[in-house]
Amino acid sequence: MKKEDVKYGAYVQILKEELVPAMGCTEPIALAYAAAKAREVLGEKPDKVRIGASGSIIKNVKSVIVPNTDHLKGIPAAAAAGIIAGRPEKELEVIADVSMTEIEEMKDFLQNTEITVEYVDNGITFDIIVTESKGESSATVRIANYHTNIVLIEKNGKILMEEKVEGEKEEGLTDRSLLNMKDILDFARTVDVEDVKEVIGRQIAYNTAIAKEGLEGDYGANIGSVLLKMEGDNIRVRAKAMAAAGSDARMNGCELPVIINSGSGNQGMTCSLPVIEYAKELNASEEQLYRALTLSNLVAIHQKTGIGRLSAYCGAVCAGAAAGAGIAYLYGGGYEEIAHTVVNALAIVSGIVCDGAKASCAAKIASSVEAGILGYNMYKCGQQFYAGDGIVTKGVDETIKNIGRLGKEGMRETNVEIIDIMVGEGCR
């Protein structure tokens with residue numbers, strides 16, 4: 001692909017838009033970001049907070065530890081963190097710098113402030129509305145469709161900024177419909193590595209650091225460590241363990257940042273860490289690693305485009321298939337190997353549901369990475385799943401379209417049921 005090609009510039013920009021740093025699980029951090037922005041607009045600490053959240057936001061914030069809060073969980077905790085210690089200019093690193101004094105202030109704020117949470121259904125999956133009040137003054141901030149997309153700022157009933165929310169369109173972002181598997185591979189093979197070096201290099205550094213912390217520390221169910229103890233340390237196990245360990249740490253309060261993919265740190269780690277491990281095993285050059293990660297990241301984004309940011313379809317499935325594509329590339333695989341790896345992986349684990357962010361995400365990640373590796377090895381051994389085998393159809397892009405349909409439309413009611421189970425009836 002030539003630099004002057006429209007898709008070349010678009011693919012570089014998509015990577016820059018998606019591969020950004022985040023501290024902690026991205027849904028509670030988005031909530032903290034909205035709360036911090038509302039506090040900034042209000043100009044003082046509120047004495048009343050009202051939070052409206054879509055069901056998928058409620059699901060993803062309910063059980064995960066908010067970093068830099070001394071292990072506080074839940075929607076009120078995320079909002080309190082943003083109000084007390086948030087730096088809104090840092091967006092998804094909004095609560096990266098928090099003092100012990102601020103943590104104690106958060107706890108006091110939670111105990112002594114009226115904070116109400118209500119389910120809202122405005123027809124979109126990703127919706128956060130935070131209203132903060134002090135006396136007669138109030139400020140409202142709304143984030144819709146993706147984690148940093150502020151669409152409304154209001155103070156004392158006066159609209160300071162507003163953008164129309166038309167369904168689940170991601171206005172302001174580069175057109176993801178330009179992505180397809182053949183062009184992604186062409187781009188990965190031909191991109192000037194300098195054009196992606198900053199974003200990919202940061203992903204390698206950040207995600208490796210948190211994975212190592214996950215293996216060395218005691219986080220959640222310690223899935224990464226369990227895998228190594230159970231199965232040894234061959235490359236297949238290490239690839240799964242590193243990705244799982246990163247999630248162990250991130251879901252359970254680790255204060256290291258990650259580089260996300262498709263709005264998710266778990267997906268960012270899943271599509272990168274296994275590829276990094278295989279590159280080490282194969283003594284791949286830095287350039288080969290950067291190209292493999294360019295491929296895996298764009299393949300993950302391509303799959304998630306049809307599904308949407310939040311769904312009952314586990315995003316780790318897409319990222320695990322993408323990791324398999326990156327691994328196939330490192331082994332010298334061409335389009336056929338990479339395409340069949342993705343299709344095989346999706347056929348294996350597309351039934352995994354997302355029931356919110358929490359410790360078990362690490363185990364789902366391990367299963368998804370295993371599927372990506374198996375998908376590649378199946379093709380190496382002359383085996384594959386064929387069109388007509390369940391949701392598999394002819395052509396990798398067509399199969400990915402089926403996954404998008406399944407995740408976005410087919411699992412809509414599943415998502416409602418999961419939310420009802422997790423937080424009680426009334427989320428319809």
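Trainee: Where is the place of phenylalanine 385?

Mentor: This is a predicted model. In it, phenylalanine 385 sits in the loop between α15 (361-380) and α16 (396-410).

Trainee: Is phenylalanine 385 buried or partly exposed?

Mentor: Phenylalanine 385 counts as partly exposed, because its relative accessibility is 30%. Ile348, Leu374 and Phe385 form a nonpolar patch on the surface. Together they have about 220 Å² of accessible area.

Trainee: Now the interior. What should I expect there?

Mentor: In soluble globular proteins, nonpolar side chains tend to be buried together. Here the largest nonpolar core has 129 residues. Tyr11, Ile128, Phe187, Leu295, Leu298 and Val342 touch the most other members. Helix α13 gives the largest share of this core, twelve residues. Apart from this core lies another, of seven residues, among them Leu227 and Ala362.

Trainee: Which residues does phenylalanine 187 touch?

Mentor: Set aside residues up to four places away in sequence. Phenylalanine 187 then touches Met1, Tyr8, Tyr11, Val12, Leu15, Val196, Thr294 and Leu298.

Trainee: How many residues of α13 are buried?

Mentor: 16 of the 16 residues of α13 are buried, so this helix is largely enclosed by the rest of the structure. Helix α13 covers residues 315-330. From first C-alpha to last, α13 reaches 23 Å, close to the expected 22 Å. Just after α13, glycine 332 takes a positive phi of about 90 degrees.

Trainee: Which residues of α1 are buried?

Mentor: An α-helix has 3.6 residues a turn, so residues three or four places apart point the same way. In α1, the buried residues are Tyr8, Ala10, Tyr11, Val12, Ile14, Leu15, Glu17 and Glu18. These buried residues pack against α6 (181-190), α7 (197-216) and α12.

Trainee: How do I read charged pairs?

Mentor: Side chains of opposite charge can pair when their charged atoms come close. The whole structure holds 28 salt bridges. In one of them, glutamate 18 pairs with arginine 309, with the closest N and O atoms 2.9 Å apart. That pair links distant parts of the chain: glutamate 18 is in helix α1, and arginine 309 is in the loop between α12 and α13, 291 residues apart.

Trainee: Are glutamate 18 and arginine 309 buried or exposed?

Mentor: Glutamate 18 is buried, with a relative accessible area of 4%. Arginine 309 also counts as buried, at 14%.

Trainee: What is the case for glutamate 409 and arginine 412?

Mentor: Their side chains meet in a salt bridge of 2.9 Å, N to O. Glutamate 409 is partly exposed at 46%. Arginine 412 is partly exposed at 43%. Elsewhere, salt bridges that share partners join Glu17, Glu18, Arg176 and Arg309 into one network.

Trainee: Which loop holds asparagine 68, and what is its phi?

Mentor: Asparagine 68 lies in the loop between α3 (55-62) and α4 (75-85). Its phi is positive, about 60 degrees, although asparagine 68 is not a glycine. Asparagine 68 is buried, with a relative accessible area of 7%. Asparagine 283 has a positive phi near 55 degrees. Asparagine 283 counts as exposed, at 69% relative accessibility.

How values were computed: Residues numbered from 1 in each chain as written. Predicted model: local features only at pLDDT ≥ 70, side-chain atom pairs only at ≥ 80, totals over all residues. Heavy atoms only, no water. Patch = residues over 30% accessible without salt bridge, like charges linked within 9 Å, V, L, I, M, F, W, Y side chains within 5 Å. Areas by Shrake-Rupley, 256 points an atom, 1.4 Å probe, with all protein chains shown as cover. Salt bridge = Lys/Arg side-chain N within 4 Å of Asp/Glu carboxyl O. Helix = DSSP H or I, 4+ residues; strand = E, 2+ residues; numbered from the N terminus. Buried < 20%, exposed > 50% of the residue type's maximum accessible area, 1.4 Å probe, protein only. Expected span 1.5 Å × (residues − 1). Core = buried A, V, L, I, M, F, W, Y, C linked by side-chain atoms within 4.5 Å. Contact = heavy atoms within 4.5 Å.
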